[in-house]
Amino acid sequence: MVENMTATIEPTTRDGQPYAYQRVELVEPDWTRFPGWADVTEEQWRDVQWQRVNCIKNVRQLRALMGDLLEERFYADLEKDMAERATMSMLVPPQMMNTMVVSTSSTTDPGEFTDAFYADPIRHYMIPVFSDRRTDWPSHPQASRDSLHEHDMWVAEGLTHRYPTKVLAELLSTCPQYCGHCTRMDLVGNSTPVIDKLKLTGKPVDRHEAMLDYLRNTPQVRDVVVSGGDVANLPWPRLEDFLTKLMEIDNIRDIRLATKGLIGLPQHWLQEPLLEGMNRVTTIARERGVSLAVHTHANHANSVTPLVAEAAKALMAAGVRDVRNQGVLLAGVNADTHSLLDLCFRLLDGAQIMPYYFYMCDMIPFSEHWRVSVADAQRMQHDLMGYLPGFATPRIVCDVPFVGKRWVHQVADYDTERGISYWTKNYRTSIEASDPEALTRTYEYYDPIHTLPESGQEWWRTHAE
């Protein structure tokens, strides 16, 4: 266990900069501050099986962890959300839990601790409660459970072909942690009282082989995002087998492994047999001229700890070309320039993880309290510029339904009163091969209604179906 030590470079305050940079040494918070983990050793903490077994999956387990620290009002709030709003079931690894309420680790006052837990940015998206959600517009009228229509673009079960040269391979439908805002809530995780999840029907070996067959017969695809779910939940021998076969396909030049587990379960990526296997895979990648990178998902600076840095550096030592971060822009978590820059510098300085994207939160059900407007995203992109190296300045993107990623300044037209932005694209998805209007049509994305002027909100009250 690492003691709480922070080394900083004093920020310059006399030059009038809106953001004062300070270099922060990463710290692994003291997990023994939680009553349920008071006797957990460092050896246990670093053990991936201990981490998986001790995930927080329900209110009973959260109570056992918190002891008398958390007041009953929070549990009632959580249970109401799980029954009426939650699109994801609860699954929080100890590593992720330990990055919450760090600054109040010395308090034993239940009221003070509960208030801090409510306010914690990581709690806000990992353990959402009913009072977080909006009551005026909990869901946008245009929200949908598969908001990006990835399922519509499956060319094999779990293989989405949206872009001309890129595909998404969902190898499985589980993760080591479930984020409340998950864009794949239609498929990933357990069903909840409000969402009956889809299920992958084919046997894994058959589904994976069907994906590979499609790629062998589709030479225009050069880039594969290997995801899920999360590849950290796929047994390494199966993942290694899939990657090895993938690299035998001549047209595949880029492979990206998508894993939130690097942030929420870094212990998985520190397993010696796994790193040895990664070394085998990256050796083949170098021989074949394939770029193999890891993409992870951190939304707040507090989640970047020494164990995360150790795992990222171990992957790069094993031959991974780069480790990049794709966060999500979330109100109450990181939707301000200072929080985004803090996260970017923590990733870059402390863990050598490249800030890459911040996605606008997708239009899934019950997500309006997290979402921000396109105009706000544009302002944040403007305010990020100039602080980070160009190669490490993240792009804020809007994942437009039926289109894909667009930089937030690429909007073709924007009705700010009604919060409707209009976007175009320069390619056909797999479902538009014969659509003559695919390249001339405009596609719509919708701002949260509560961010609109009163006239725009009134328009939606009268037009919402």
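The legends below go with close-up views of a predicted model.

**About the model.** Local features here need pLDDT of at least 70 and side-chain atom pairs pLDDT 80 or more, while totals for chains, interfaces and linings use all residues. Residues are numbered from 1 along each chain as its sequence is written, and side-chain values rest on heavy atoms, with hydrogens and water left out.

**View 1. The sheet runs from β1 to β10.** Ten strands make an open sheet with mixed pairing, in the order β1-β2-β3-β4-β5-β6-β7-β8-β9-β10. Strands are DSSP runs of E with at least two residues, helices are runs of H or I with at least four, and both are numbered from the N terminus. Two strands pair if DSSP finds at least two bridges between them. At the edges stand β1 (154-156) and β10 (404-407), each with a single partner strand, so one side of each has no neighbour in the sheet. Elsewhere, β8 (residues 354-360) and β9 (residues 395-400) run parallel, joined by three bridges; Y359 has V397 in β9 as its bridge partner.

View 2. The strands β2 (residues 159-160) and β3 run antiparallel with two bridges, and T160 has L168 in β3 as its bridge partner. With β4 (residues 223-227), β3 runs parallel through five bridges, and here V167 sits opposite V224.

**View 3. R184 meets E170.** These two side chains form a salt bridge at 3.7 Å, N to O. The term means a side-chain nitrogen of Lys or Arg within 4 Å of a carboxyl oxygen of Asp or Glu. R184 lies in the loop between β3 (166-170) and α8 (204-216) and E170 in strand β3, so the bridge ties together parts 14 residues apart in sequence. Both R184 and E170 are buried. Shared partners put E150, R162, E170, R184 and D399 into one salt-bridge network.

**View 4. D115 meets R73.** How many salt bridges does the model hold? The count comes to 27. In this one, D115 and R73 come together at 2.8 Å, N to O. D115 sits in helix α6 (residues 110-119) and R73 in helix α4 (residues 72-84), a link between distant parts of the chain, 42 residues apart. D115 is partly exposed at 44% relative accessible area, and R73 is partly exposed at 37%.

**View 5. V226 in the largest nonpolar core.** A nonpolar core is a set of buried Ala, Val, Leu, Ile, Met, Phe, Trp, Tyr and Cys residues joined through side-chain atoms within 4.5 Å. The largest has 126 residues, and M97 and V226 touch the most other members. At least three of its residues come from each of domain 1 (35-132) and domain 2 (151-407); the bounds are from an automatic or database domain assignment. Leaving aside residues up to four places away in sequence, V226 has contacts (heavy atoms within 4.5 Å) that include A169, L171, F242 and I255.

**View 6. The W37 and W45 rings.** Their centres lie 5.5 Å apart with planes at 70°, so the pair is edge-to-face. Rings of Phe, Tyr and Trp (its six-membered ring) pair if their centres lie within 6.5 Å; planes under 30 degrees apart are stacked, over 60 edge-to-face, and the rest tilted.

Terms used
Buried means under 20% relative accessible area, exposed over 50%, partly exposed in between (1.4 Å probe, protein chains only).
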